[in-house]
Amino acid sequence: MDTRLRAAAEAARGFMPPDEGLALHDAAVDAARRVAGAPFLEIGAYCGKSAIYLGAAALAADRVLFSLDHHRGSEENQAGWEWHEPDLVDPETGVMDTLPLFRRTIFEAGLESTVVAVVGDSPTVGAIWTTQLAFLFIDGGHGAEPAHRDYDLWSAHVASGGLLAIHDVFPDPADGGRPPYEIYCRAIESGRFSQRSATGSLRVLVRS
Ligand code: SAH
Ligand code: MG
């Protein structure tokens, strides 16, 4: 991975350990080699950390990364929950807003021509999305409903030979919530995906 972008990704705020970020980057590079022309999409932009890992791969392969988020935070990011960061609440509206920080992060990384923010609710966008994807990264809401809905709506858009990555997959319930693991199992059991790699809680699957 480009050294400057790797440093920017590691410095960015968010939830992506360096080894998993690199594995994510490498998977996206691989996806671009496997599927000609098609873009990448991630669900769960937050402050732009994973978008730099994926954006670096997109830039090198002359692709676009669509980075989808309503920027209002997941359930687990809200006040009173485990993953809340109080300075991300807009004092004017009283609700979370990660879009300003996301935009600054992508601007400073020099990725504005490569990373396209899609600001909206995943099911709203997913219901009308039709473009085939070389790479799909699911890292949005981790509750049962949002995770299964993201899998239902978006996994069909992965092109044949393309890759699906899922974050926060914890086979042992003691390590974290179940829904990302459940959709990982659904993907394998569907027969449409097989596992390519595992790094920490990141799973990379290939579409047959
Ligand atoms: N990939 C990020 C972390 C994502 S955190 C990183 O590298 O740091 C999960 C994100 O999913 C949050 O920003 C939240 O706003 C978003 N999210 C949760 N539910 C969503 C939904 N229904 N539609 C769009 N975004 C959603
Ligand atoms: Mg995550």
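The space taken by ligand 1 is the largest pocket. A pocket is an open set of points on a 1 Å grid over the protein atoms alone, with protein on both sides within 12 Å along at least five of seven lines. A molecule sits in a pocket if more than half of its atoms lie within 2 Å of its grid points. The model is predicted: local features need pLDDT of at least 70, side-chain atom pairs count only at pLDDT 80 or more, and totals for chains, interfaces and linings use all residues. Residues are numbered from 1 along each chain as its sequence is written, chains are lettered from A and ligands numbered from 1 in the order in which they are written, and side-chain values use heavy atoms, with hydrogens and water left out.

Two elements, α3 (49–60) and α5 (122–126), each give two or more residues to the shell around ligand 1. Helices (H or I, at least four residues) and strands (E, at least two) are DSSP runs, numbered from the N terminus. The shell has five nonpolar, eleven polar and six charged residues. Gly counts as polar here, and Asp, Glu, Lys and Arg count as charged. Of the 22 residues around the ligand, Gly44, Ser50, Asp69, Asp121 and Asp139 come nearest; to be near, a residue needs a heavy atom within 4 Å.

Polar contacts (pairs of N or O atoms within 3.5 Å) reach the ligand from several residues. A polar side-chain atom of Asp69 lies 2.7 Å from a ligand oxygen. The backbone of Gly73 places a polar atom 2.9 Å from an oxygen of ligand 1. A side-chain N or O atom of Asp139 is 2.8 Å from a ligand nitrogen. Taken alone, ligand 1 exposes 580 Å², and the protein buries 95% of that (Shrake-Rupley method, 1.4 Å probe).

The protein chain has seven helices and seven strands.

How values were computed. A polar contact is a pair of N or O atoms within 3.5 Å; within protein, one must be able to donate a hydrogen and the other to accept it, and residues adjacent in sequence count only if both atoms are side-chain atoms. On a 1 Å grid over the protein atoms alone, a cavity is a set of points where a 1.4 Å probe fits but cannot get out, and a pocket is an open set with protein on both sides within 12 Å along at least five of seven lines; lining residues have an atom within 4 Å of a point.
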